[in-house]
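Subject: Structure for you to look at, with notes

Dear colleague,

I am handing over a structure that I would like you to open beside this email. Please look at it for a while first, and then read the notes below, which go through what was found.

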Amino acid sequence: MRGVNVARMILSAVAGLAAALLSFSVIYVRGDLAGVMGVLRARSAARRLAESGAGAAQVEAARAQVLALAERFVAPDLATRLVPLELLIGVAVAALMWWFFGGRSAQVGGERRPDIHERMVLRLAHRMGGQFTLNDLSERSPLSAPQAQATTERMLGRGLLRREGEAFRLS
């Protein structure tokens with residue numbers, strides 16, 4: 001369970017940081033993706049021009065055009081003033097990820113999702129030729145002894161398993 005919390009914490013932190021950085025980037029360019037693509041195309045054209053052996057004046061003019069295009073839509077002052085908002089967005093996304101994956105792990109680890117436990121039992125049974133014991137189930141699956149007991153009892157009641165002495169067999 002400890003590993004799940006570490007993974008959950010790392011996932012939440014990465015998602016929060018990514019959301020904060022993404023929101024900073026969107027605000028920095030005022031949401032103008034077409035403008036960003038235009039600057040990238042102009043910068044690529046300026047680089048190709050420099051590589052083709054054009055004169056220094058032409059290359060400098062192309063670089064000045066790239067700078068002029070970028071200055072039309074970038075807003076570094078606005079992006080830095082809104083850093084608290086961007087961080088708040090990151091914290092909200094991190095909290096959402098923490099909550100979402102916390103609920104999913106609680107469903108998997110708890111008794112809310114018995115179908116997952118039953119699939120574990122069925123997989124083990126198929127790997128062992130259709131017959132297994134509770135000891136096999138506790139040792140070779142992620143289920144604890146009480147979970148294995150509850151799951152096999154539930155599956156016996158539904159007719160998915162039948163008892164053969166100490167062992168269980170698929171029906």
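The side chains of Glu-153 and Arg-163 meet in a salt bridge, with 3.2 Å from N to O, where a salt bridge is a side-chain nitrogen of Lys or Arg within 4 Å of a carboxyl oxygen of Asp or Glu. This pair links distant parts of the chain, since Glu-153 lies in helix H8 and Arg-163 in strand E2, 10 residues apart. Helices (H or I, at least four residues) and strands (E, at least two) are DSSP runs, numbered from the N terminus. Glu-153 counts as partly exposed at 37% relative accessibility, and Arg-163 is partly exposed too, with a relative accessible area of 45%; buried means under 20% relative accessible area, exposed over 50%, and partly exposed in between, using a 1.4 Å probe and protein chains only.

Before going on, please keep in mind that this is a predicted model, in which local features need pLDDT of at least 70 and side-chain atom pairs count only at pLDDT 80 or more, while totals for chains, interfaces and linings use all residues. Residues are numbered from 1 along each chain as its sequence is written, and side-chain values use heavy atoms, with hydrogens and water left out.

How many salt bridges does a search of the whole structure find? The search finds 6, and one of them joins the side chains of Glu-118 and Arg-158 at 2.6 Å, N to O. Glu-118 lies in helix H6 (residues 114-127) and Arg-158 in helix H8 (residues 145-158), so this pair ties together parts that are 40 residues apart in sequence. Glu-118 is buried, with a relative accessible area of 9%, whereas Arg-158 counts as exposed at 51%. Glu-118 and Arg-158 also belong, with Arg-154, to a network of salt bridges. In general, side chains of opposite charge can pair when their charged atoms come close.

Strand E2 (residues 161-164) pairs with strand E3 (residues 167-170) in the antiparallel sense over 4 bridges; two strands pair if DSSP finds at least two bridges between them. Leu-161 has Leu-170 in E3 as its bridge partner. The two strands form a hairpin with 2 residues between them, and Gly-165 in the turn has a positive phi of about 70°. A salt bridge also joins the side chains of Arg-162 and Glu-164, at 3.5 Å from N to O; Arg-162 is partly exposed, with a relative accessible area of 39%, and Glu-164 counts as partly exposed at 33%.

Turning to the aromatic rings, those of Phe, Tyr and Trp (its six-membered ring) pair if their centres lie within 6.5 Å, and planes under 30 degrees apart count as stacked, over 60 as edge-to-face and the rest as tilted. By this rule the count comes to 2 aromatic pairs. The rings of Phe-24 and Tyr-28 have centres 5.9 Å apart and planes at 35°, so the pair is tilted. Phe-24 and Tyr-28 are 4 residues apart in helix H1 (residues 2-28), and are therefore separated by about one helical turn. Phe-24 counts as partly exposed at 27% relative accessibility, and Tyr-28 is partly exposed with 30%.
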